Amino acid sequence: MKAPVLLLTIVLYCAAKNSHHVDLSHHELQTVPTNISPTTESLDLSWNCLQSIPNDSFVNLNSLTSLDLSQNKLTRLEPSAFGGLLQLLFLNLGNNQLLLGYKSYPPTVFHPLEKLEILNMADNIYDQSPGFPDEIFSNLGSLKDLTIDGLWNCSFGPGVRNLSQLKNLSVNFWESGGSLRPETFAYFSDLPIESLVLLCQGLEAGTLRYFPFLTRLSLKTNGITKALSALAGLRHHNLTYLTISGCNPNTGSLRVPENLILTRNNTVHLADICVRHLDLSDNALIHIGKDVLFGFRYPECVESFRMNGNYLAIATDFFTVLVFLRFPRLDYLDISPGRGYTLGKTHFSVEQGMPKFRDGLAVQLTLPQSLRVLNASFLGGAIDGTSDLKFINAHHLQVLDLSYDNVDGCTFVMSGLENLKVLNISGFDCSFLSPKFFSHFTSLDVLVAQNCRLNTGLQQNLDAAIFKSQVNLRTLDLSSNNFVTLNLDIFKPLKSLENLILANNKLIHLPESIYGLVSLRFVDLSSNIISSLSGKEIKWLASDLPLQTGGVGRVSLSHNPFICTCNALNTMHWLLEGSAIVEELCSLTCTLQNGTVVKMCALQSQLKNMDVSCVSKFWLTFSIVGSCLITVVIVLGIFAYRYRWNIKYWVLTKFRRGPVYKELTNEQYKYDAFVAYNYTSYRWACVDLRKVLEIENDFSLCLHDRDFIPGGNIQQSIVDAMNNSRKIILVINKAFMKSEWCEFEVQMAGMRMVRDGREDAIIVIMMEKIPVTEMSKSLLSLWKDITFLVWPEDDPGDERIFWSRLLDGMAC
């Protein structure tokens, strides 16, 4: 069986389990599968290689309500291609090779689709047919949304009158070229169309008069004047949305002055429309006459006005002469040229066109009283950074974007914005920063100050009090300010701060100024130069960070140059084992000792070997350096001291009182296990452990508090007990690690394991989590070779698994 066929079979099998939606897109299908579940409600066959749809291809899919055939190679639909689809509501035939004529669409092809509500036939091949195939719409009385291609020099015929429920119409005449004639949509005059999207090279005046119920209109033409002239048929009409965007798409239209400048003459029809949301964005306009907006007959209708993405020198043309005060209900205003259209100060000066209404030393700027959102970014010198700026009538303003307005120096004060919620001053040059610069923004929720040179401005002993008025601030973005460090008290007033973004700076360590943020939920430290985390930083991230308690805390550390060497073991352990809050662990990379850069998560399986390797390297280095600096006598002394436990073990074994040791069989051992523990684990070893192993499971234990002979030699007693026990159980905690006798027991256990060649003779129980860097070398050598058992102190529910594993170890 070929791979695609096998894959399709698997997909259909899985789909049968949940047959409400079947996705067969991107499967290189050349025919419609016949084994689709009859209960399927939604079928996606997009992005395949279908060339035609034969009769009755879906006849068994009586429950189908959605069918997507887009992005195929369809050239023809058979007359009964959709037979049986009586419940179909959505059909997508877009992006195929269907000619808009009866050759591709037989007259009866859509007859079964009486309940169809949404139909997309657009983005197919342009056809030279003499007329639209109107007859195909005869049974689509329920259709509400139609997207279709247009035919050049061709009008819709009377067949569209059957679309009695049509609400939304989108027609793309762009590829066919030419201009639309007034009679193109004549037969739509009685249809309840509310939304029209029209893409065309041009259209004549009066073309739109056949849409009496229109509330939403989007036009794109080759030249904005063509779109404006077509509005003649909508004079004194009420529109909720009017979008005339992207109408100067090529250099040809840009050479025509009338497409670059809006005047009272070419906007006369626009001025006579009552429109609530007006969008004139991305038209490459270079000038709008002041009389254009003064000529609006219904200024009280306008609620939002988008003029972004043009080449307009707004600040000198009309913004600062208060023309928008004519719009009493204006809620949203976007006059930003956009990043690609920044004019810069070389094109004009502030004094050239900005009237300055001074109140003392302040420049007054009056806004429409209803304005809530203002985007005035990239205006290129619209703000005079030498004088204070006072906003009038801005008590409703909540969002203000002044980013990249070429402001030199943050030494002025902006007032009148006490109710502002969102402020963006990115791109301001705040290398000179007044301590009162943010003082009037007392209600801010979000402050964005990217690329403001604050690393210099906050060095003037201002940073400890600069945000003292922002007690309600929840999000602060200080990205790209070249911070190397931050004042300890800079964030102290921000008791409500939840999101702190310090990305793309030069921070080597986590700034200690963030430790006191009690409401913090997200910290973005990406794209800094953090190579490792200190113990203090890990402690704060792992336990002290307030976001731990909320359960939704996140930290972004991506694109930092982490190193994965022995000096950064603690960082690696925390990132790979204990950091549930780090975003996208696999997006973190680190550099190995040999210079190789790898993904952090790829080191998960190698961490244990790296621990052992790092400890071994330490001792190797120590030995080499020591052998070069000390005398032969001292070397011999170190050798004797280093193996003192081994020597003691050998002496106690060879010269012990009583018979010489010989290996015993399982039946000859006196005890099943010798238990080595510190006095801090007395209760657990002599009560809990004894209960499970001795009382409940008949294993005999040697406990030194109970079984050692009083007055005897302790070292000799330990060796004897180990030699007479089948197993050795080491109960390890931090107190155990500090005890010399416990270290002796670990050494003796290691010697016993080496002597007998049996790793299963030793069972190690970790009562506490002890970092590998704090383990003694003797314990580390055991940890490398055997599997430790961990007492579940944080989750009592796992005790049953622990005892089961211990009993398995005792039984072998």
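Arg690, Glu694, Arg706 and Asp707 are linked in a network of salt bridges (a side-chain nitrogen of Lys or Arg within 4 Å of a carboxyl oxygen of Asp or Glu). The model is predicted: local features need pLDDT of at least 70, side-chain atom pairs count only at pLDDT 80 or more, and totals for chains, interfaces and linings use all residues. Residues are numbered from 1 along each chain as its sequence is written, and side-chain values use heavy atoms, with hydrogens and water left out.

Arg706 sits in helix α16 (residues 704-707) and Glu694 in helix α15 (residues 682-695), so the bridge ties together parts 12 residues apart in sequence. Helices here are DSSP runs of H or I, at least four residues, and strands are runs of E, at least two, numbered from the N terminus. Glu694 is buried at 16% relative accessibility. Arg706 is partly exposed at 40%. Buried means under 20% relative accessible area, exposed over 50%, and partly exposed in between (1.4 Å probe, protein chains only).

The rule gives 15 salt bridges. One of them joins Asp272 to Arg297, with the closest N and O atoms 2.8 Å apart. Both residues lie in loops: Asp272 between α4 (268-271) and β16 (274-279), Arg297 between α5 (290-294) and β18 (304-306), so the pair connects parts 25 residues apart in sequence. Asp272 is buried, at 4%. Arg297 is partly exposed, at 47%.

Lys536 pairs with Glu512, closest N and O atoms 3.5 Å apart. Helix α9 (residues 535-544) holds Lys536, while Glu512 is in the loop between β31 (499-501) and β32 (522-524), 24 residues apart. Lys536 is partly exposed at 48%. Glu512 is partly exposed at 42%.
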